[in-house]
Each structure stands twice: as C-alpha cells, then as structure tokens.
Amino acid sequence: MAELFHRKIERSSIGFAIAIVAAASVGGIIEIAPLFTIDGTVEEAPDMRVYTPLELAGRNIYVREGCYACHSQMIRTLQDEVERYGPYSLAVESKYDRPMQWGSKRTGPDLARIGGKYSDFWHVAHLMNPRDVVPESNMPAYAYLARTPLNLNDLSQHLAVQQTLGVPYTDEMVENAARDAYGQAVPDTDFASGVSERYGEATQVRAFDGVATQVTEMDALVAYLQVLGRLTTAAYQNTAAPELPPEPVE
Amino acid sequence: MEVKEQDPVTGRETTGHEWNGIKELDTPVPRGILLFLIVTHIWAVAWWFFAPTWPLGTTYTKGLLGIDQRTTVEERVVEGQQARQDWMARIESEPYDQILADENLMQIVRSSGRQLFGDNCAACHGRDARGRANYPDLTDGDWIWGSGPEAIEQTMRVGVNTEHPESRIGQMPAFGRDGMLERDQVRAVAAYVYSLTHPEFSTPENVERIEAGQQVFAETCSACHGETGEGSAEAGAPNLTDNYWLYGGDLDTIIATVHGGRQGHMPTWDERLTNAEIRMLSLYVHDLGNRQP
Amino acid sequence: MIDKLTYSERQSASFILVAVAVVGLLMAAFGNSNQLGVHGVIVMIFAAALLYPVLSAIYAPEPVEDREASYYDDPIKVGIVLAMAWAIFGMFMGVWVAAQLAWPNLAFDAAWSTFGRLRPTHTSGIIFGFGGNALIATSFHVVQRTSRARLAGQVSPWFVLFGYNLFCVLAVSGYFIGVTQSKEYAEAEWYADLWLVVVWVTYFILYLRTLARRKEPHIYVANWYFMAFILVVAMLHIVNNLAIPIAWSSAKSYTIWPGVQDAMVQWWYGHNAVAFFLTAGFLGMLYYYLPVRAQRPIFSYRLSILSFWGIVFFYMWAGSHHLHYTALPHWVQTLGMTFSVMLLVPSWASAGNALLTLNGAWDRVRSDATLRFMMAAAVFYGLSTFEGSFLAIRPVNALSHYTDWTVGHVHAGALGWVALITFGSIYTLVPTLWKRERMYSAALIEWHFWLAIAGTLIYIFAMWNSGIIQGLMWRTYTGENTLAYSFVDSLVAMYPYYIARAFGGLLFLIGAAIGCYNIWMTVKAVPSTVPATPDAPETAAAVPGE
Ligand code: HEM
Ligand code: HEM
Ligand SMILES: [Ca+2]
Ligand SMILES: [Ca+2]
Ligand SMILES: [Cu+2]
C-alpha cells in the first residue's frame, strides 16, 4: 500500500514538493510555536531593565566583531558551569537580545556574567591586546575600537526599531538616544543626568575607556560587557545559587 | 515503460525504471535496519514518558520522573556544597592562625584555591600570581595594603578604588597633569625616587637634581609614602625603596607615574564569591606570598 | 556561451543586469551608513562585469541549431569553476583561522582580519560558496540527465548561478567590513537575505519546470533530494532571517525573534542547514555520480524511500540538540535528543545503501580514486551521523558542547563527507562535460585523495583530543569536590592540537589545489573527437508524467 502510494507521488513533482513541505513543517511548528504560548518559558522579572543606547551600541559592536565565535553567553544547568561562572542563565535575561548571542563554541570563557567582574581599565587593556594581560590568550587584539569614534547618529533609529519589536523603550528614550549615549560615557556633562533619569540610578555612567572627552567604540563595548548579567537579578532569586548579584566596579 | 531486469551480481530484480543508465534494485529493506528503527523508537518513546517532552498549548507533559534540568542542577550544586562542607565550614569559621597551622587544611587551600584564583584573579595577577605592569605581584612578599590574610581578605572584599562603600582608596595624584608640580619638579622628584633604588644614579652630574627632588618629596610625597619613602598601608602608597614596582621602576615610568597619577582598580569580590571562597583565596594568596619571599 | 542565447534572451539578460546595477547604484547613493554604500558599489561592479560580455556579443549571430537537442551545460561548467574557486578561498580562510587560534598575532592588528570576522568568511565561503555552487552545478546536470531533457530556461540558469554568487560575495565581503547579523550560518544582512530569496525562488521554478519535461515518469531519488534541498532551505532561510532594518538606507537590521525564541529558530535553521544543505543536497549528488561511476544499480529502492522520508521528517525536530541544558525549556531538549537518535536510522540507511551499491564494484574502488572518493565520503557520512546522534544525547552533549569536539564532528562531516563527495562527483563530471575521455591525470587524483584523507584524519583526531580534554578539564573536580582547572588551564592545553589541526587543514587545502590544477589541465586538453557515449536529451514527445 505505502509503496504503491509512493510510486504515485513519485510521478508528480508538484505532489512530491507538497509532501516534502508538509513532512518538513511539523517539527518546527511543534517546537517553535509553543515557546510563545507556554507559561513560564520566559520567566517573570519585574526588575528587568533595557539596554541603554550606549550598551546597545556596544552590543552591536559585539555582534559586528563576531565575538560569539569564541564566547558563549549561556551558563548551562550543569554543576561545573554554575560553580565556575555563576547562576545558570534564564531565558528572561536575553529577552531583549536580538539576535541572541548564546554561542556555540567556547574558545574563550562564558561572558554571561562578566559584568562587574573586572575593571574597565582591565577590559580596555585586554581588548587593546589580550596578551598584555593574559599571556596565554589567543584572543585577537581590538585596538582599533579605541581609535574609532562611536557613531551616535542613528541610535534613535535603533531604539525605534526595537520599540516596534516590543522592547519597552519610551518615546523619550528613543528621542534622546544619542544624547544618552554621549552622556553615559562622558560623566561630567549635562547629558549624564538624563541617563540615570531614564534608565535608573544603577546605570553605570563613566568614561569606560578612560578618556572622558570622546565617545569611542571602546566605551560602548566595555559598557556592554560591564552590564552583562546585570539587567535583572532574577537569576539570583529562588535558586541554589550561592551568590548575590555583583556590585559595580568603578 | 517498466522493464524489470535481473542484476547478475546480486540476483535481485530491478524496479524496471532507468535514468540515463542508472537503475535500482528492488531489494527489501534489510531486517537490521527495521530492527534498528524499532529499537530507537522504543528508546525515544520511553523518554517521552519519563521526561518533559510534548507541548500542550500553555503547558507541556512533565514526564513520569518529574525531572527538570533546573531542579536537577540545583540539587547537584547543593550536594557539591555538602560534600565540601566539612572543610569549607572550617575555612569559613576558624581563625586564620589555626588554619595556617593545619597542614592538611592548607593542602586543600593550595589545591582548591588554584582554580578559583585562575578563574577570577589570574586575569590581572597572572596564573602564577606574579602580576605584571599595573597589577601587583602577590608572591613577592611586598604588600601595598598590608600583609596577612586579614588584610588580604579586606582588600578582596572591598576592593581598591571601587564603588563599594568601604572601598580602599589609593589615589596617586596626577602632580604634573593637574599642575601641582612644575615639569622640572616632576623630573627632579622622579630622579630622587629612582636614586633610592639605584644608588649608582647619584653621579655628580645628577646630584643637584636629586637633591631638589628630595626637597619636593619631603614636601609633597612623604604624606603618603612616608618620610623615607617606605610607603604606607593606610594610604595604599607603595614602598618606593624596594625593587618591587607596580607600574615600573625605570625613570621614564616613574616620571609618567608622577605626571599622570595612578589609580589602580582592584574589584570587590564580596558578592561574587562566597565567604568561604574569599577566605580560602586570602589564605591561598597569603601562602603564595610567604612561600616565595 | 552568449552565442547560445538568442537576441531577445541577450536583451533580457542585459535588462536584468542593468536593473541589478541600478539597485546597486541606489544602495551606493542612499547608503548613508557607508557599509551599504560599499555593497552598492560591489553590486554595480558585479553587474557591470557580467554586462560587458553580454553587450559586446549582443549582435553576434544567433544560435542556429535546435537547442533542445542538446543539454545546457554552459552554466554547469561555470558553476564547477566557481565551486573550485570558492573551495580554495574557503579552505584558505579555514587554514588561516586555524592558524590564528595557534598564533593569534596572525590577525596583524587590523579590524577586517580578526578571528570573529574571518571565521564566518570561512564557514559561509566554504558552505555557501563551495558547497552551494557545487550543488547548483550538479543539480543542473543531474536533473537534465535523469529527465533526459534540457533545462527549462536559457537565461534563468545563469540568473540562478550568478545571482547566487552575488549573494555569496555580499555575504563574505560583508563580514570583512563588519556587516553581519552574527546568526551562525545566516550571518548575511537583510538585503543579501532578500536577494537570496529571489534567486532561490527562480531556482525552484526552473528545477520544477525541468522535471516536468522528464521522459521517465518516475522521478529519480537524486531529484527527491535536490528538491528537498531547495524547498526546505527556502523555508529555513526565510523564517530565520525575518528582520527589520533600522532604515532602508542602512545595512543594520534587528531580527524579529527575541532571546529564547531566536535561539530555537536559529538552531532549527542551523541544524537543518546541515541537514538540507550539507546533507540532502549532497545525497542527491551521491545518488547520481556514485552509481554512474560504479556502473552498478542502486542497492535498494525501498531503502531509498525509507531514508529519504526519514531524513526529511526527523531532521526538522533535531535542532534543539544545539541547546541542551540551556535556558531553552527542557521539553524541547527531550524532543531534540530523541529525534536525533531516531534520525540515525535513515542516515545509516543512506550510507548503507551507498556502500552496498558498490557490491560488485569493489575492484573499481581499489583502482579508481574517483570512485574511492565517493566510497570514503559514504563512510565519513556514516561516521559523522553516528557521532552526531551520539553528541545529541544530553549527557554526552554536556561534555562536548562548546568544545572542539563539535568542531571535529563538523569537519568529519564537512571534509570527510561534503568535500569528498563533491570532489568525487566533480572528477566524474568534468570529463563528461568537457567531452574528454578522462581526467588529465589519474595519479594526481590519487595524490588528492590521500592528502584529503590524511588531512581529514589529522583534523578530526586533533579535535577529538582537544575537545574531549577541554570538556573534561572544565568539569574535573578535585578530591575535595572543587573544580580542578581554570579556564585558561584548558586553553593552554589546546595549543598543540590547534597546531596539528592547522597542519591537517593545510594538507587538505593542498589536495584541493592539486584538484584545481588537474581540472584545468583536463579542460585545456584537446577534445577527443567522438564522445564515447551519446549524451543528449530525448527530443521525442514527452512521456506524460503527471
Ligand atoms: C582546509 C580545510 C579546513 C580547515 C583548516 C578548517 C578550519 C576551521 C576552523 C579553524 C574553524 C573554527 C573552529 C573554531 O571556532 O574553533 C572552522 C569552522 C567551521 N568549518 Fe572549517 N575548515 C576546513 C574546511 C571546511 C570545509 C570543507 C567545510 C564545509 C564543507 C567547513 C565547515 C566549517 C563549519 C561549518 C565550521 C563551524 C563549526 C562550528 O561552529 O562548530 N570547513 N573550520
Ligand atoms: C544524524 C545526523 C547528525 C546529527 C544527529 C548531528 C548532531 C549534531 C550535534 C548534537 C551537534 C552539536 C551541537 C552542539 O553541542 O553545539 C552537531 C553540530 C554540528 N553538526 Fe552535526 N549531526 C549530524 C550530522 C551532521 C553532518 C552529516 C554534518 C555535515 C557537515 C553535520 C554538521 C554539523 C555542524 C556544522 C555542526 C556545528 C553547529 C554549530 O555551529 O554549533 N552534522 N551536530
Ligand atoms: Ca558553532
Ligand atoms: Ca542573515
Ligand atoms: Cu545539529
């Protein structure tokens, strides 16, 4: 019977094509659609905040440089990972991440909770030339980030698209994106106060690259690295995780 | 146009179709493959019964074993903590002297501290804790912030120049850049500092400069580094008379230090590491400093 | 080549190229973010480079012969050449990134040459550039021969081929200048993604229309696989790449999928890119060139049915094995794991079907390196799918994930299966296409074969070692129940293996270069006057198939 049936569809290219699409659609539909409907797939985290424009710009540099090729941002539910890197990652922690950067290869260590672990100064030195601080490292040098001024012009457009996609940026945030990015990396200006107003007192406002006169790509990337794992404290609650969220380092 | 043929090699019939010379035999699916199919399906279906598997609208089947990766790992982490408990508890609560006297416990500190140091501290202080430019050597027995596990523990908890409310503050001002000293004065005091560890530098042609520098030092620097330049743990001002340098002891680096100032950042570990881990690392670092004076 | 087109076909080709050039001009003009502008210029140059030969021959005499009486092989020839060019490029980049992991200063302190940017030029260059061109070329060949009919278009095969290569060029050049979505294997940005959809739809229609001309009512297995490859890759590509650009004038976009849903969509895509690009397409190749070269009938038609539908159905569930133990809910992981294991049955059924087809031809396998390429490919296919199903089991994946073991598995499949089957097919195809008796040098094929085997084995053994050591070091506990090694300890242990892998890759690259030389010399050789077997479509009335 089955074989007879097959001999039949084998004679019709359109029929065959439809059969392929039908057979190939099932798996994806059953695995993807429920991720939008099943309760708790993305955990509740009322304290979750959005990326500031500077951090988002930094994230885009992370994406542009393909850091995911070596670094994961996903602490798995395994004892050794929790003990090495901190509480396992929750889905909610990447709910504003487009694209997610969970990664698939750890040539370097996981970065999901790198925020606050090292000083800005260290990050800058490390990105300038990793082997200056970690002689064993095979990470590339990213010295050009410190030489490249950050493009602030289109940040409002970035936030606007994110807003369309459901990230809770207010219109005010969208409008002030460039100013806020500037203010976050140049602390002694009027723009700096707006950042804390809009994104919360805990927002780290400082000259991330150590130069308080200019906003570079280095500023943005370090600002992003320093906020990784610190958008919400949800991962530290109701888990056996021994630690509390790390305090910021100046 | 089906023309079935017999394949001389296998003796099987072809299906009777032909595509540019390619034919197919009508061999039935081998038994082994069917068996394999059945075995893997049984295995899979068993998993579906035991583990969470099938989505159902707003929920999913939880499986008979009631397992979930999150509860599993949390149990494992707690088990791990319990397995370490006997000695971890001692490290957490016993006085340092008592632990230092217990060679067995110190052995554990050395073997377990290594990874913890490697994953948290080595980025700055190096895998061997010997430091490098801008990051202090922790094995040289020379301490900026005081020796002994208590002082080290405090440094780890609050950090240096962090936002921690009790942070240690060690600010070497930017005398040159901020205009507190003239260019000449900067060079002079640097020469003086350099001469402290390089007596051969005090040649007749330098001696004038060095003396002028000594003057500046007494007026400006001694507040933190002490009259003799031996440093002060309170101010976090390093000893300038020994040959251990945080930023470098050549004349150019000293000039750069005095001109631009230094504010080393040592993060706080209060909330990233547990109490016991911090104490273990204090012992570990103290032990390193003691073993290789 | 242009002399085979009629005047009006040359006109429409020019029209399309001009349209593409105009789009390039618009991109260049309005791309306020300069990266889109750079790509606009690249599009214009690409279109102009093709427009030049078309326009210069536009008034050349039209073809007089009945084109339907011969196969349309010109696009295939160009496709083969492009595939080999991309092979050299992609493998060179592979050797370079491999060397960078051992000697990081090989990035020379430039932005474009850092590991994170070069790695996707390797993966896209080799998978899409080499693999994709080889698939397009061989699918054009196979569909014509098995249908005994000429391709159902004169301009559209060129459109598919060059349109596809434009996509590859945009993708790869983009990574160098920092245009990437950092979605693994789908890094190209939104406008390149959109363009690929246009190309792919044309490809599918062309394929279907050619099939409709077939003389044998039953569709041959190779075409089932090529169809699955084209259709499912289209589905995957469209869904995974849904994104909103921040402006029409900007290269940057945001994917519509957030966080955990993005992870699932991404690996539903990523895993099935493996399944339908790197597996189904190449199985199509295997199902044609292996029996042709071995001069044996396929071992079992029934087994073909079982493996085909097994692969099409099961693979699509398996993507979540890339996300074991992550923040993806546990239930999806169970599905991914169980389907991956069930998937081994059709996978091994395919490998077995190929190897059993060689029964009665083993003496040829010994003497003919071309056939041996395909035999070895089937073995590596069996090996890498076994390894894949094994790695998909959660506790195994706990060890292997994030380590070089994955990379080793990838290259057991990529070098051992994808590249070997392609070389075997190309060595079979080239003499047929250029109407030569045989390849220029059988000895050079032997050399290529053994270099490829040695390179593959060195590569995968190095990565098995490094991957397993790495995974074990990350999770080894001391007697006191604390972790034994820091991350950097594991990094230090990797260096010898990174050097070995770079060496293995270099051998493989040298083999491919020898292959290029051999092909070049074959093409240059004087044609044998009489083709051994007539190779032409049946022009008699089509047997009604549908
Ligand atoms: C000359 C031979 C080759 C060399 C030296 C080579 C080298 C490499 C290297 C160094 C990586 C990065 C691994 C890492 O991030 O740790 C890589 C990744 C990859 N290569 Fe190759 N490669 C070669 C050939 C190929 C071929 C022929 C293919 C496909 C047909 C291929 C497909 C891939 C894929 C898919 C990845 C990504 C793996 C992953 O993300 O796990 N490679 N290759
Ligand atoms: C039965 C068939 C197969 C199964 C079940 C399978 C399963 C897997 C698994 C479990 C992983 C590791 C995921 C992770 O831990 O990150 C993986 C990775 C991979 N496999 Fe396979 N595999 C199969 C066949 C193949 C074949 C034939 C190829 C051909 C080249 C291939 C290419 C890849 C690639 C490129 C990756 C790396 C994905 C990444 O970037 O992380 N696989 N596969
Ligand atoms: Ca990967
Ligand atoms: Ca894309
Ligand atoms: Cu997969």
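A salt bridge is a side-chain nitrogen of Lys or Arg within 4 Å of a carboxyl oxygen of Asp or Glu. With that rule, two salt bridges are counted between chain C and chain A. This is a predicted model, in which local features need pLDDT of at least 70 and side-chain atom pairs count only at pLDDT 80 or more, while totals for chains, interfaces and linings use all residues. Residues are numbered from 1 along each chain as its sequence is written, chains are lettered from A in the order in which they are written, and side-chain values use heavy atoms, with hydrogens and water left out.

Q: What makes Arg117(C) and Glu65(A) a salt bridge?
A: Their side chains meet at 2.7 Å, N to O. The rule asks for a Lys or Arg nitrogen within 4 Å of an Asp or Glu carboxyl oxygen, so the pair qualifies.

Q: How many residues of chain C and of chain A are in contact with each other?
A: Contact means heavy atoms within 4.5 Å. By that rule, 97 residues of chain C are in contact with 85 residues of chain A.

Q: What is the buried area between chain C and chain A?
A: Buried area is the accessible area (1.4 Å probe) that two parts lose on being put together, summed over both. For chain C and chain A that comes to about 7,900 Å², with 64% of it on carbon and sulfur atoms.

Q: Which pair is joined by a salt bridge between chain B and chain A?
A: Arg70(B) and Glu43(A) are joined, with 2.7 Å from N to O. Across the interface of chain A and chain B, the rule finds four salt bridges.

Q: Why does His125(B) get the label buried?
A: The relative accessible area of His125(B) is 9%, so this residue also counts as buried. Among the residues that His125(B) touches is Met266(B), not counting residues up to four places away in sequence.

Q: How do you know that Cys121(B) and His125(B) belong to a "binding site"?
A: That label comes from the UniProt annotation (unreviewed entry), which covers Cys121(B), Cys124(B), His125(B) and Met266(B). They are spread over 146 residues of sequence, yet cluster in space, with a largest C-alpha distance of 10.3 Å. Such annotations may be inferred rather than shown by experiment.

Methods:
Buried < 20%, exposed > 50% of the residue type's maximum accessible area, 1.4 Å probe, protein only.
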